[in-house]
Amino acid sequence: MRVAVNGYGTIGKRVADAVLQQKDMDLAGVTKTRPDFGAKVAESRRIPMYSVFPDRINDFEKRGLSIQGCLGDLISKTDVVVDCTPAGVGRTYRESYARHGSKGIFQGGEEADVAEVTFVAQCNYESAVGKRFVRVASCNTTGLCRTLSTVDRSLGIGEVHASLVRRAVDPFDSTRGPIDAIVPSCSSVPTHHSKDVREVLPHLRILTMAVTVPTKIMHVHMIAARLSREVSQDEAIDVLEATPRTLVLDGRDRLESTSKVMELGRDLGRRRNDMWETVVWEDTITTSDHWLCWTQGVHQEAIVIPEVIDAIRAVFDSVDAETSMNMTDRALGIFQSRF
Ligand code: NAD
């Protein structure tokens, strides 16, 4: 499968690296809007680079960067484009991908109707099989869907309330805030996350609320699920541990904050310190009456990357869900259940 990445930013550079790590995929190239440090990094890694805008090819050449052509040239050489352009921009490319006979994988910043299905591998891989356009769910939605789908399947969820504490901006961003404020991030309740989760898990009754806080790495979700029966804490831990791409953090490891979780990513020597797993703090898993509560963390820059790789295999119907997820997890080094 020849894969192109349109938009070599936070998500795009990670997708490009993950594609390079898959035995069944080739990276045809990435696009850049301008010859900045990202372009120099792509060149140093020998990744074929294309200019988004034909009239800027000279700008790359003036900086001594080799450019293979423009976006149209790249699309015509590929089987699938992973669109990693800023939210809302992806939709403007949809027809162009189709015209060149290429499939398209979009990100969660696009509206759901940009694609035929919103995708989280462990929830609905089969519904993406053979499709032309697939949208990978956003980082928050992916984290919610991973744990909620497993808890629902194993224990039966009647309803869910989830409070989302969202990071303000990504680490590279030096232009936006908040710097010293906590901002209720949506004027309406439920927030758009409820609707997004139901794109993947249509039957789930979920209510989400959110605030944005002045941090740059990781979202935190505080989740309360009302179950169809009472469960013990041990049973709940077993279920969350059995959730794919989810790491239950042992309290004795003292990884009690988002900063320590990211320190784990650093100490493991992962590229860019990425934590692809949803992390669940074991000490927060509690049961009371029919309620099961837990707190989980999502590294927003990383969590969707394995899902993108699985979405590529799904649209080509190359292997089944379990095989694809195993291939992706092995290639990236994703933990299962415990560190
Ligand atoms: P980003 O701003 O870091 O990267 C976007 C890249 O696209 C930049 O390199 C930019 O130069 C380039 N670009 C801008 N206009 C373009 C155009 N017209 N054509 C081609 N390239 C263009 O953004 P990001 O955070 O990587 O987000 C990409 C998508 O992924 C969005 O839909 C976003 O909502 C989604 N997403 C982001 C995160 C996150 O935490 N950053 C997590 C999950 C999903």
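This is a predicted model: local features need pLDDT of at least 70, side-chain atom pairs count only at pLDDT 80 or more; totals for chains, interfaces and linings use all residues.
The core draws on both domain 1 (2-137 + 304-338) and domain 2 (139-298), with at least three residues from each.

I went back to Val15 and listed what it touches, leaving out residues up to four places away in sequence: Val5, Val82, Cys84, Ile305 and Val308.

**Helix α9.** In α9 (residues 233-241) I found Ala236, Ile237, Val239 and Leu240 buried. Looking down the axis of α9, I see these buried residues within an arc of 160 degrees, so they line one face of the helix. Asp234 and Asp238, on the other side of α9, are exposed. I traced the packing of the buried residues of α9 to α7 (139-155) and to the strands β12 (246-249), β13 (278-281), β14 (286-288) and β15 (291-298).

**Sheet.** I followed an open sheet of 7 strands with parallel pairing, in the order β3-β2-β1-β4-β5-β7-β6. At the edges I have β3 (49-51) and β6 (117-119); each has a single partner strand, so one side of each lacks a neighbour in the sheet. From one strand to the next the twist averages 25 degrees. I checked the pairing of β3 with β2 (residues 26-32) and counted 3 bridges, in the parallel sense. Thr31 stands opposite Tyr50 of β3.

Definitions and conventions. Residues are numbered from 1 along each chain as its sequence is written. Side-chain values use heavy atoms; hydrogens and water are left out. Domain bounds come from an automatic or database domain assignment. Contact means heavy atoms within 4.5 Å. Buried means under 20% relative accessible area, exposed over 50%, partly exposed in between (1.4 Å probe, protein chains only). Helices (H or I, at least four residues) and strands (E, at least two) are DSSP runs, numbered from the N terminus. The arc is that of the directions from the helix axis to the C-beta atoms. Two strands pair if DSSP finds at least two bridges between them. Axes are lines fitted to C-alpha atoms, for helices over the stretch in contact, and angles run from 0 to 180 degrees between N-to-C directions.
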